[in-house]
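This report describes a structure with attention to its chain contact, a sheet and its charged pairs. The structure is shown first, and the description follows.

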Amino acid sequence: MEKVRSLLNFCLILLASIFILLSSFFITPGAAAEDTFKVGMITSVTGPMAPAFKPMFDAAKPTAELLNQRGGVTVSGKKYNVEIITEDDQSSPPGAIAAANRLMQAGIKFIVAPMFMPSNMAIASVTEDAKILRMKAFGSGPEEVNPQMQFSFFSSSSLYNIEPCYDYLAKAYPNAKRIAIIMPDDPGASTHLTLNKKVIEKRGLNLVFQEAYRIPTEDFYPILTKALGKKPDAINCLTSIVPWSAGIINQSRELGFKGPIFCPGLFGDINLVNSMLKPDYANDIFHGGPDVLSKKMLPMVKDLRKLVEKTGSPFIMDSALPLDSVYLMVQAIEKAQSFDTDKVVKAIERMGNIDTIWGPGKWGGEEIFGNNHVIKRPFTFSQITNGKVEFEFIP
Amino acid sequence: MSWVAIFQSILNGLASSGIYILIALGLTLVLSIMGIVQMSHGEIYMIGAYSSYYMVMGLGLNFFLALLISFLLVGCLGIFLERIFFRPFRGELDRAVIISIALILVLQNLVMSIAGGDPRSYNSPISGVLRIFGIAISWERFFIVLTGLTLLAALFLFIRKTKTGQAMLAISQDREGAALQGINIDRISALAMFLGCGLAAIAGALVGALFSMSPTMGSFALMKGIAVIVLGGLGSIPGAVIGGLIIGLIDGIFPVLTTSHIAGLIGFAVIILILIFRPQGISGHE
C-alpha cells in the first residue's frame, strides 16, 4: 500500500513537471515584456516620510490604467502598455539607492524620482552612470537638476512660483511690506531662500525675520513668538508639507497674527491643509500649488481622480504626481521613437513644447539650472478664503 | 527681547512640559514595573490619537467621552501586548527592546493601511485663546497642562494610597522581594501596562487635536519621552515630572533666545551635563 502511494506521488510530481516544461514552450516571456513599457517609481512607503508620499504608491496602478486607456506608448508603430513598478526608499537615501539598484537590475531605464530630496540626490550616484532617466514632479532647485546630471528632469519647479506669489501679495495686500520667512531646515529650501530674498529686495519689501525650524516640528509657538516680535505684515513659509503648514497657520493665528500667510513652493495638498485649520483661521492663505479637486482641473486629472477613488484611496495632490511625470516620459519616448535614454534625452532637448497634465508647457530652466531640463507650465494658484479653497490656472 | 516675549516663551515651555510629562508618565511606569523600555510607546500614543479621532469624527462622540473610551480601549490593548509580547521577556532588556521595535513597525504599518498616510486633525471643543498683556496661549494648551497635572496627581495618589499602588512601588524597588511577599507580579505588570498605555492614549488624543496626527507621529513623542525619563531618572515618577519641566522649558525658552538649532544643542548639552554629575538622573536611584 505504502509503495503504491509513493508511486502515485512520484507520477503526480512527474506529470506536474512535464506540464510546467510544456507550458514554458507556449508562454513566450519576451512577448509580454516587449509589449510593456516598464517605469520604475521610488517613493516612501515606510518610514517617517511615508505619510507624505504613500499616496503616490496608491496612485501607481490607476496612473498606468489611465495612460493605457489613452493608448499607452507607441514606438515604431508598435503599442506598449505602461506598467509602473514601485519601490520603497524607506524614507532614507540608502533605501533609495537600494530601490534604484533593484529597478536597474530589473532592466528599468525610466524612473519617477523620489519626492524626498535627499533620496533623489543620493540615487543620482547610481542612475546617472547607468543612463537612467529620472523625472521628478514638483521639483525644487539645482541640487537635483544641473548640467552634471544629464538624465535628471523636473516636470515643474516651485522656484517659478515665487514671482507670481509676490505679484498676488502686492495686488491683494498692498500694505504688506514687512515679510517674515519661516522655513524648514531642508536642503531644498536654500535656493528658494536665495531667490525669495532677491525678489523681496527687488520689490522694495523688507525682510524682517528669517529662520529655519528643525524637522520634524509640531510646536511652532517658539519660532512664531520670535517672528511676530518683529511685527511682520506677511509670513512666507517658502516650502512646506501639510502638518507644518497647518501648524504654522493655526498657531500664528492663536498668537494674534492676522495677516496673509503664503508659500511660493507648496503648503502640501491645499484641501488637506484646509481640513486641518480651525474655522476662524482659514483666511488669507495662498500658495503656488493646485487644488486637484477643483472643477477647473483638466480632463486627465479628473479622469485620474475617478480611477484613484475607485480603488478606495483618497485623491490628493500627491496622487497626481506619478501621472505628472510618466505622461511626460511617454511623450518624450514617442518623440524619440526609442526607449534608448540617450535618444530620449536628445529628443527632450529638441522638443520645446510639451503637454502637461496642468496645461501646455515648455522645456526651459537654463537661467536657474544651467540646462533646459525643467518644464515651465501654467502657474497653479490656490487660496483659502472663509474656509473655502479657490483655485485658478494663471498662464 | 521684550518682557512679553520672555513671558510668552516661559508659558510656551510650560505648555510643552505638560505634553512631555503626559508622554513620559506612561513610559516610566512601564519601565519601573516591568523593567523594559517600551520602544513602541510612541505608537501606542499614535493609536490613542487615531482612536479618539475616529470616535469624534466618525461616530460623533463627545470629545471628553472619546478621551475616556480611548484610555480604556488602548489600556486594554496594553494588557494584550503585555500578555503576548512582553511577559515572556520581562526583565530582559535586550529582547524586550527588539520586540518593541518590531511592534513599532507592525503598529505603524497597520494604522497606515487602515487610516492611510495623510495627516489628520480634529477640533476639540476647547477653543479660543487666553490673552493677558500681549501674552497669548490657547485654552487647548492650557487644558493639556491641566489634564497632565490632574492625571499626575491621580497617579501619585493611586500609588501612595492604595494597596495595589504600594504593590507597584514594591515591584519597582525589588521584584523578587515583592514576589516573596505574595504580590502577583503578572497582575501588577498588566495593570502597569494598562495605565501606561492609557496615559499615552490620552496624551496622543490631546496632541492630535492640538497639532496633527499621522502614523509616524510616535517617533517624536518617544524621543522626547526617553529624554525626559533619562534626565529625570529611569522609572521615577517625580523624575518624569522634573525632567518634563526642564525639557519643556528648554524647548520653550531657548529657541526664542537663539535659533532652534542652537536651542536643540543646548537642550542636549543640559541633559549631558546633568547626567555627568548625576548618572542616575535627577530623581533616580543608584
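## Salt bridges and polar contacts between the chains

Between chain A and chain B there are two salt bridges, a salt bridge being a side-chain nitrogen of Lys or Arg within 4 Å of a carboxyl oxygen of Asp or Glu. In a salt bridge between the chains, the side chain of B:Arg141 meets that of A:Asp219, at 3.0 Å from N to O. Polar contacts join 13 residue pairs between chain A and chain B, both residues being at pLDDT 80 or more; such a contact is a pair of N or O atoms within 3.5 Å, where within protein one must be able to donate a hydrogen and the other to accept it, and residues adjacent in sequence count only if both atoms are side-chain atoms.

This is a predicted model, in which local features need pLDDT of at least 70 and side-chain atom pairs count only at pLDDT 80 or more, whereas totals for chains, interfaces and linings use all residues. Residues are numbered from 1 along each chain as its sequence is written, chains are lettered from A and ligands numbered from 1 in the order in which they are written, and side-chain values use heavy atoms, with hydrogens and water left out.

## Extent of the interface

The contact (heavy atoms within 4.5 Å) takes 35 residues from chain A and 37 residues from chain B. Together the two chains bury about 2900 Å², 56% of it on carbon and sulfur atoms, where buried area is the accessible area (1.4 Å probe) that two parts lose on being put together, summed over both. Of the area that chain A buries against chain B, 22% is supplied by A:Pro51, A:Arg214 and A:Glu218, more than by any other three residues.

## The mixed sheet of chain A

In chain A, seven strands form an open sheet with mixed pairing, in the order β8-β7-β9-β10-β11-β15-β16; strands (E, at least two residues) and helices (H or I, at least four) are DSSP runs numbered from the N terminus, and two strands pair if DSSP finds at least two bridges between them. Because β8 and β16 (388-394) of chain A stand at the edges with a single partner strand each, one side of each is left without a neighbour in the sheet.

Strands β9 (residues 234-236) and β10 (residues 261-263) of chain A run parallel and are joined by two bridges, and A:Ile235 has A:Ile261 in β10(A) as its bridge partner.

## A salt bridge within chain A

Over all chains the count comes to 17 salt bridges. A:Glu163 and A:Arg203 form a salt bridge whose closest N and O atoms are 2.6 Å apart; this pair links distant parts of the chain, 40 residues apart, with A:Glu163 in helix α7 (residues 162-172) of chain A and A:Arg203 in the loop between α8 (189-202) and β8 of chain A.
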